[in-house]
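Take a walk through this structure, one contact at a time.

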Amino acid sequence: MNDTPPDIAAIVRERLLSRSGAERVVMGSRMFDVARTIALASFPPGLSEIEIKRRLCERFYGDEVDVDAYIEHLVQLKTH
């Protein structure tokens, strides 16, 4: 859904593109950190580190990532 009027969207895009690449990376990183914090706050307490990573991966990437393979990789890293 996009309820932003085209003229406002153009202004926002122009302002965003006027920033340096480094500034845009910092903005994206901060937005990701906020999204991660919100997601973590929605999880029940007491989850293991692996379960937290599983839930974050599912939440952020959905079907785009093989979550089971990702978790298997993390488990293997811990055992080596």
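This is a predicted model: local features need pLDDT of at least 70, side-chain atom pairs count only at pLDDT 80 or more; totals for chains, interfaces and linings use all residues.

In which helix does F32 lie? F32 belongs to helix α2.

Now look at the rings. There are 2 aromatic pairs in the count. One of them joins F32 and F60: the centres are 5.2 Å apart, the planes make an angle of 50°, and the pair is tilted. Y61 is partly exposed, because its relative accessible area is 39%. Together, the ring pairs link F32, F60 and Y61 into a cluster.

With V65 and Y70, F32 and Y61 make a nonpolar surface patch of about 330 Å².

Next, follow helix α3 itself. It covers residues 49–61, which makes 13 residues. At 1.5 Å a residue these should span 18 Å, and the end C-alpha atoms are 18 Å apart, so expectation and model agree. What follows α3? The next residue is G62, whose phi is positive, near 50°.

Helix α3 also carries charged contacts. The whole structure holds 6 salt bridges. One of them pairs E49 with K78, with 3.4 Å between the closest N and O atoms. This pair links distant parts of the chain: E49 sits in helix α3 and K78 in helix α4 (residues 67–79), 29 residues apart. Are the two partners buried or exposed? E49 has a relative accessible area of 43%, so E49 is partly exposed. K78 reaches 56% relative accessibility and therefore counts as exposed.

Other bridges stay inside the helix. E51 forms a salt bridge with R54, the closest N and O atoms lying 3.8 Å apart. Both residues are in helix α3, 3 residues apart, or about one turn of the helix. E51 also bridges to R55, and there the closest N and O atoms are 2.9 Å apart. R55 and E51 are 4 residues apart in helix α3, which means a separation of about one helical turn.

What of the exposure here? E51 is at 24% relative accessibility, so E51 counts as partly exposed. R55 is at 29%, so R55 counts as partly exposed too. Salt bridges with shared partners join E51, R54, R55, E58 and D68 into one network. R55 has a further contact. Its charged end sits over the ring of F43, 5.9 Å from the ring centre.

Go back to helix α4, where V75 lies. V75 has 40% relative accessibility, so V75 counts as partly exposed. How far apart are the C-alpha atoms of V75 and I50? They are separated by 7.9 Å, although the two residues are 25 residues apart along the chain.

Finish at helix α1. This helix runs over residues 6–17 and has 12 residues. From first to last C-alpha it reaches 16 Å, close to the 16 Å expected at 1.5 Å a residue. How many of its residues are buried? The count is 0 among the 12 residues, and α1 is hardly covered.

Notes:
Residues are numbered from 1 along each chain as its sequence is written. Side-chain values use heavy atoms; hydrogens and water are left out. Helices (H or I, at least four residues) and strands (E, at least two) are DSSP runs, numbered from the N terminus. The expected span of a helix is 1.5 Å times one less than its number of residues. Rings of Phe, Tyr and Trp (its six-membered ring) pair if their centres lie within 6.5 Å; planes under 30 degrees apart count as stacked, over 60 as edge-to-face and the rest as tilted. Buried means under 20% relative accessible area, exposed over 50%, partly exposed in between (1.4 Å probe, protein chains only). A charge sits over a ring if NZ of Lys or CZ of Arg is within 6 Å of the ring centre and within 35 degrees of the ring normal. Patches are made of residues with over 30% relative accessible area and no salt bridge: like charges are joined within 9 Å, nonpolar side chains (Val, Leu, Ile, Met, Phe, Trp, Tyr) within 5 Å. Accessible areas come from the Shrake-Rupley method with a 1.4 Å probe; for residues, only the protein chains shown count as cover. A salt bridge is a side-chain nitrogen of Lys or Arg within 4 Å of a carboxyl oxygen of Asp or Glu.
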